[in-house]
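Okay, I've got a few minutes, so let me walk you through one chain. Have a look at the picture first, and then I'll start with the charges.

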Amino acid sequence: MHLHPIKKYFINCFLLFLPVIVWNIALTPFLPAAYQPDVFGSNVPGWLTDAENGSRIVVFLLAFLMPLSVTTRMQRIGVRFYIIGLLLYFASWIALIVFPDSAWSTGVTGFSAPAWTPLFWLSGIAFTGTSFYFQWPYRKWYFMVAVLLFLVFHNAHTLIVYFNTR
């Protein structure tokens, strides 16, 4: 199958973010009160919110610039890691929604699970990507450095909310 030159740019690793985006939009209203935008966004330093959002944009942009293909052994491993990570991420939300008062959900590990489990599915994306659409050599660490920066800021944000709501 030969794709029109422009259409090939639509098949990129950002597509792997779509299940997460849909999940977040659909289920955020069912999360405990601390996760609702009016609480989750309050009492967090502006610089942290800016750093979190800026690093999120870099992660999204890099994923947009990575063609999505699953032809090599490493890419297949990446897809498996992505799927396992996605299931862990979804499970972390389900636990918070179904068992909001459990020891898991009220403890720091369970409360913050939606913030640290993306490490697994995002790592899967790093291994699925093997190139960029432009002439810059692809290295997994480019994407993973952006991911780790985002996750440091995202987890710090989540921990601030956790300790402010306890």
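So, there is one salt bridge in the structure. Keep in mind that this is a predicted model. The partners are E52 and R56, whose side chains come together at 3.4 Å, N to O. Both sit in helix α3, four residues apart, or about one turn of the helix. That spacing makes sense, because an α-helix has 3.6 residues a turn, so residues three or four places apart point the same way. And side chains of opposite charge can pair when their charged atoms come close.

Now, buried or exposed: what is E52? E52 counts as buried, because its relative accessibility is 3% and the cut-off for buried is under 20%. R56, with a relative accessible area of 24%, is partly exposed.

Okay, zooming out. If you want dimensions, the C-alpha trace spans about 55 × 30 × 25 Å along its principal axes.

On contacts: take the pairs of residues at least 6 apart in sequence, and 79% of those contacts join residues at least 24 apart. Buried residues account for 39% of the 166. The accessible surface is about 9300 Å², and carbon and sulfur atoms own 74% of that.

In α7, residues 118–128, eight of the eleven residues are buried. Those are P118, W121, L122, S123, G124, I125, A126 and T128. And what covers them? The cover includes α1, α3, α4, α6 and α8.

W121 from that list turns up again in the aromatics. The count of aromatic pairs comes to 23. Ring pairs tie W121 into a cluster with F14, F17, W23, F60, F64, Y82, Y89, F90 and W93.

Two of those cluster members, W23 and W93, also touch T28. T28 is in the loop between α1 and α2. Setting aside neighbours within four places in sequence, T28 has contacts with W23, Y35, Q36 and W93. Also, the C-alpha atoms of T28 and I97 are 9.2 Å apart, while the two residues are 69 apart along the chain.

Most residues other than glycine have a negative phi. N43 is not a glycine, and yet its phi is positive, about 60°. N43 counts as exposed, because its relative accessibility is 63% and the cut-off for exposed is over 50%.

Last stop, the surface. Which residues form a nonpolar patch there? The members are F10, I11, L15 and L18, and together they have about 360 Å² of accessible area. L18 belongs to helix α1, residues 18–27. With 38% relative accessibility, L18 counts as partly exposed.

Definitions and conventions:
Residues are numbered from 1 along each chain as its sequence is written. This is a predicted model: local features need pLDDT of at least 70, side-chain atom pairs count only at pLDDT 80 or more; totals for chains, interfaces and linings use all residues. Side-chain values use heavy atoms; hydrogens and water are left out. Patches are made of residues with over 30% relative accessible area and no salt bridge: like charges are joined within 9 Å, nonpolar side chains (Val, Leu, Ile, Met, Phe, Trp, Tyr) within 5 Å. Accessible areas come from the Shrake-Rupley method with a 1.4 Å probe; for residues, only the protein chains shown count as cover. A salt bridge is a side-chain nitrogen of Lys or Arg within 4 Å of a carboxyl oxygen of Asp or Glu. Helices (H or I, at least four residues) and strands (E, at least two) are DSSP runs, numbered from the N terminus. Buried means under 20% relative accessible area, exposed over 50%, partly exposed in between (1.4 Å probe, protein chains only). Contact means heavy atoms within 4.5 Å. Rings of Phe, Tyr and Trp (its six-membered ring) pair if their centres lie within 6.5 Å; planes under 30 degrees apart count as stacked, over 60 as edge-to-face and the rest as tilted.
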